[in-house]
Amino acid sequence: MTTPVLEVGAELPPLTIEPISRTTLALFAGASGDHNPIHIDLDVARSAGLDDVFGHGMLSMAHLARLLTGWVPQERIRTFGVRFTAITPVHGRPTCTGTVTSIDEVDGERLATLTLRVTLADGTTTLIGDATVALD
Amino acid sequence: MPIDRSAIGRELPGGTLLITRSRLRDFAKATGQTDPIYVDLDAAKQAGHRDLPVPPTFVFGVDLTGPDSFSYLDELGIDLRSVLHGEQRFTYHEMAYAGDELTTTGRITDIYDKKGGLLEFVVKDTKVTNQHGALVAEMRGVMVVQNRAPEVTR
């Protein structure tokens with residue numbers, strides 16, 4: 001694992017995700033335990049007035065978690081939160097990005113605060129988040 | 001019809017999940033995770049882990065293992081099709097691994113509305129503990145209920 005860059009303003013290496021397929025949504029439903037049919041059953045999506053199923057918010061959050069654990073060992077993650085701002089359509093191509101916004105000493109631990117974002121190829125932001133990560 | 005505010009404080013059934021390596025590998029596959037510590041036991045152990053680590057957001061699903069994981073919405077009179085996940089937050093206390101049995105206990109901690117009731121928000125706080133009773137993580141989820149505007153009568 002590469003050593004994290006330890007300065008405010010540092011950007012994490014962006015993580016590009018394969019286009020979201022229906023297969024991915026089915027696999028994620030089973031593996032995550034989120035069986036809400038709106039993500040996997042076109043009939044249910046249509047009955048709700050939608051044209052198609054759409055990606056689980058928690059799938060995008062799992063991708064953001066990959067951005068974090070690709071940067072620091074998981075046991076250093078203290079908090080991780082997101083707001084879901086738009087749905088991810090089937091075939092959407094998400095990219096996860098993060099920036100170090102502050103570094104503070106909290107309870108004897110150096111903590112980096114990151115702002116996080118997932119953006120689709122068309123520019124739509126689907127998640128805005130933050131995380132705190134111990135640096136030592 | 002507005003969601004019954006008296007549900008604030010209501011305890012929710014929660015779930016229990018014995019974490020298996022195969023389930024974690026399925027989760028890695030579905031999320032495109034190729035880091036070997038999440039799929040390969042030897043790689044995990046070499047990195048200092050006692051088994052495959054439970055990745056950061058996987059614990060969300062522990063709460064969904066009951067027979068009807070969305071029944072709390074049903075009991076509030078909410079159509080699952082009208083619900084969007086608005087926010088999700090985790091505070092981590094301890095790592096969890098394959099072989100652990102995780103249990104969630106949750107409660108509804110707030111219900112509020114915006115846009116004159118067109119959007120309602122249900123806030124749920126959940127604790128995740130392991131088989132030793134140790135706190136693994138705390139979760140806060142906000143579900144957004146999209147109510148339809150009443151039909152205008154002419």
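Which strand of chain B does β3(B) join through 9 bridges, and in which sense do the two run? Keep that in mind while loading the view; the answer comes at the third stop. The model is predicted.

**Stop 1: chain B as a whole**

Select chain B and colour by secondary structure. There are 3 helices and 6 strands. Reading from the N terminus, their order is β-β-α-α-α-β-β-β-β. Along the principal axes, the C-alpha atoms of chain B fill a box of roughly 70 × 30 × 25 Å. Chain B has 154 residues, and 34% of them count as buried. Among its contacts with a separation of 6 or more, 68% are between residues 24 or more positions apart.

**Stop 2: the side of chain B that touches chain A**

Show both chains and select the residues in contact across them: 30 in chain B and 36 in chain A. Two elements of chain B give two or more residues to its side of this contact, namely α1 (21-31) and β3 (83-92). β3(B) supplies the largest share, 9 residues. Coloured by class, the side of chain B that touches chain A shows 13 nonpolar, 10 polar and 7 charged residues.

**Stop 3: β3(B), between two partners**

Select β3(B) and look first towards chain A. Strand β2 of chain A, residues 77-84, is joined to β3(B) by 5 bridges, and the two run antiparallel. For a landmark in this pairing, pick T79(A), which stands opposite T91(B).

Now turn to the partner within chain B. This is strand β6(B), residues 135-146, which runs antiparallel to β3(B) and is joined to it by 9 bridges. That settles the opening question. Here H85(B) and M143(B) stand opposite each other.

**Stop 4: along the strands of chain B**

From β6(B), move on to β5(B), residues 119-129. These two strands pair in the antiparallel sense over 11 bridges.

The next selection is β4(B), residues 101-114. β4(B) pairs with β5(B) over 11 bridges, again in the antiparallel sense. T104(B) is found opposite V128(B). This hairpin has 4 residues between its strands, with K115(B) in the turn at a positive phi of about 55°.

With β1(B), residues 11-12, the pairing is antiparallel over 2 bridges, and E11(B) stands opposite R107(B). With β2(B), residues 16-18, the pairing is antiparallel over 3 bridges; L17(B) has L102(B) as its bridge partner.

**Stop 5: helix α1(B)**

Select residues 21-31 of chain B, which form α1(B). Which of the residues of α1(B) are buried? They are R23(B), L24(B), F27(B), A28(B), A30(B) and T31(B). Look down the helix axis: these residues lie on the same side of α1(B), because the arc they cover is only 165°. Their cover includes two helices of chain A, α1 (22-32) and α3. At the end of α1(B), step on to G32(B), which follows the helix and has a positive phi near 75°.

**Stop 6: helix α3(A)**

Select α3(A), residues 57-69 of chain A. This helix has 13 residues and spans 19 Å from first C-alpha to last, close to the 18 Å expected at 1.5 Å a residue. Is α3(A) mostly covered or mostly open? It is mostly covered, with 13 of its 13 residues buried.

**Stop 7**

Centre on L68(A) to see its surroundings: leaving out residues up to four places away in sequence, L68(A) touches I77(A), F80(A), A131(A), V133(A) and P56(B).

Conventions. Residues numbered from 1 in each chain as written. Chains lettered and ligands numbered in written order. Predicted model: local features only at pLDDT ≥ 70, side-chain atom pairs only at ≥ 80, totals over all residues. Contact = placed C-beta atoms within 7 Å. Nonpolar A, V, L, I, M, F, W, Y, C, P; charged D, E, K, R; others polar. Pairing = 2+ DSSP bridges. Expected span 1.5 Å × (residues − 1). Buried ≥ 20, exposed ≤ 12 C-beta atoms within 10 Å, placed from the backbone. Arc of directions from axis to C-beta.
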